[in-house]
Amino acid sequence: MKITFTLNDETLTMDIKEDIRLLDFLRDELGLTGTKEGCGEGECGACTVIIDGKAVNSCLVLLPEIDGSEITTIEGLSKNGELDPIQKAFIDEGAVQCGFCTPGMIMSTKALLDRKVYPSDEEIMEAIEGNLCRCTGYYKIIQAMRTAAENLRKANE
Amino acid sequence: MSFRVFMPTSEEELQRLLSERSCILAGGTDLLVKMRLKRVHPDRVISLRHLEGFDTIEDLGDSLRVGCKVTMSELLNSDAIIKHSKILEMALREIGSPQIRNRATLVGNVVNASPAGDSIVPMLLSNASLSIGSAAGERVERIDDFIKGPGLTSLANGEFVKSITFEKTGDFFPQFHKVGQRNAMAIAVASVGSLISESEIRMAFGSVAPVVVVPVEACKYYSRSGESFDEDRFVELAMKSVTPIDDVRASSWYRTTVIKNLILRTLKVWRKRGYDAD
């Protein structure tokens with residue numbers, strides 16, 4: 001099956017395997033291993049990517065379904081060797097411990113901050129409702145999300 | 001996994017593809033999990049992704065119609081839902097996570113027919129009916145007839161659910177209480193949804209019987225009793241429709257206790273509406 005999609009700002013037309021998940025395609029076929037597999041059933045959010053502006057679990061997307069869509073993975077965030085302000089905020093706030101949940105957390109943060117300039121704490125917590133972290137206890141992640149929002153506002157001033 | 005994927009663009013094309021060994025993929029949040037666990041093994045997966053239409057929320061006057069492609073996030077962003085079906089909004093907020101709600105559809109959750117299906121509760125309370133299409137034409141079935149058992153529906157080979165239509169319930173006082181193991185992502189241990197007015201109560205329970213159930217006798221008692229309404233009597237009648245099981249999430253005993261408390265909480269919140277309930 002031939003499909004066309006945009007991945008991290010690059011438009012691709014490819015002959016694909018039909019019966020695999022987007023997650024497998026990203027990791028195994030394209031070598032984009034920043035997207036992690038945790039539970040494989042949509043519970044943990046480690047595999048979160050953004051499709052057409054919305055955070056989704058790439059383990060629950062069948063590959064042909066991305067035909068015509070725009071996809072952003074964690075690899076698409078840094079530009080010209082510079083980290084994205086969200087990535088910087090996670091580092092600055094020490095929101096990364098083992099790091100396995102981090103790409104998913106960052107993609108959920110991006111999906112939120114792309115549509116909300118001033119997110120409330122409630123909106124911040126709701127945005128990562130579907131992302132599990134077993135190290136940090138979430139407080140540093142939430143703080144990093146607040147800082148990221150602030151940094152993005154400053155950058156756009 | 002080994003199967004072919006089809007992406008029909010028209011209803012006719014979709015109907016031609018439906019067969020005994022096919023599965024329809026709407027949001028995929030249930031189907032992909034089931035396929036991975038090898039609980040279903042279709043030869044063909046029919047994706048609704050390129051199907052034209054079926055993606056709107058229509059205002060039909062007294063009711064709303066939601067197409068089979070409409071996601072839970074789209075419903076939560078709809079002014080019509082917020083205004084006319086607060087109870088659906090409340091239930092959808094309890095489902096999964098943003099990632100799940102961005103893909104999962106309302107129709108998909110109903111067709112899945114889980115006893116814990118959070119959106120089935122408001123659909124029962126709103127007298128929903130499903131529009132079911134096939135090569136033979138279209139039929140309409142009430143949701144309580146459509147759901148036959150845990151994971152079982154009346155959907156026959158070659159049929160698919162086109163849309164769900166349900167009453168506007170803006171005149172009622174809505175409540176949705178759910179107890180799970182944690183707030184986000186939790187499948188209900190027990191849930192109680194209700195729509196209450198001075199003269200009528202509608203109530204439905206999730207996760208405490210093989211299907212989402214309505215305590216019919218208790219609801220009739222509420223309308224009949226008027227001034228002489230007795231809370232204990234109501235609970236006693238309501239509990240007749242509760243037949244919980246022990247499973248991985250909770251014991252039968254715990255579910256029985258929880259549901260009783262949720263019914264009492266529902267009545268208390270209604271009594272103290274306008275004031276702080278607790």
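Let's start in chain A, where helix 2 (residues 85-92) has the buried residues A:P85, A:I86, A:Q87, A:A89 and A:F90. Here a residue is called buried if 20 or more other C-beta atoms lie within 10 Å of its own, exposed if 12 or fewer, and partly exposed in between, with C-beta atoms placed from the backbone. Helices (H or I, at least four residues) and strands (E, at least two) are DSSP runs, numbered from the N terminus. The model is predicted: local features need pLDDT of at least 70, side-chain atom pairs count only at pLDDT 80 or more, and totals for chains, interfaces and linings use all residues. Residues are numbered from 1 along each chain as its sequence is written, while chains are lettered from A and ligands numbered from 1 in the order in which they are written.

What do the buried residues of helix 2 of chain A pack against? Their partners are helix 3 (102-115) and helix 5 (139-155) of chain A. Two residues are in contact if their C-beta atoms, placed from the backbone, lie within 7 Å. After helix 2 of chain A comes A:G94, with a positive phi near 65°.

Now let's move to chain B, which has twelve helices and 13 strands. Its C-alpha trace spans about 60 × 45 × 35 Å along the principal axes. A compact globule of 278 residues would have a radius of gyration near 19 Å, and chain B agrees because its value is 19 Å. That radius is taken over C-alpha atoms, and the globule rule is 2.2 Å times the number of residues to the power 0.38. Of the 278 residues in chain B, 46% are buried.

The two chains meet as well: 24 residues of chain B are in contact with 24 residues of chain A. On the chain B side, strand 1 (4-6), helix 2 (31-36), strand 3 (44-47) and helix 6 (98-101) each supply at least two residues. That side of chain B divides into twelve nonpolar, eight polar and four charged residues. In this grouping, Ala, Val, Leu, Ile, Met, Phe, Trp, Tyr, Cys and Pro count as nonpolar, Asp, Glu, Lys and Arg as charged, and the others, Gly among them, as polar.

Chain B can also be read by domains, whose bounds come from an automatic or database domain assignment. These are domain 1 (4-47), domain 2 (57-167) and domain 3 (173-271). The centres of domain 2 and domain 3 of chain B, taken over C-alpha atoms, are 21 Å apart. Their contact takes 19 residues from domain 2 and 19 residues from domain 3 of chain B. Helix 8 of chain B gives the largest share of the domain 2 side, five residues.

Is B:A113 buried or exposed? B:A113 counts as buried because it has 22 C-beta neighbours inside 10 Å. Leaving aside residues up to four places away in sequence, B:A113 touches B:I147, B:P150, B:G151, B:L152 and B:T153.

Finally, look at helix 10 (residues 216-225) and helix 11 (residues 231-239) of chain B, whose axes come within 7 Å and cross at roughly 155°. Axes are lines fitted to C-alpha atoms, for helices over the stretch in contact, and angles run from 0 to 180 degrees between N-to-C directions. Helix 10 and helix 11 of chain B are therefore roughly antiparallel to each other. Angles under 35 degrees count as roughly parallel, over 145 as roughly antiparallel, 65 to 115 as roughly perpendicular and the rest as oblique.
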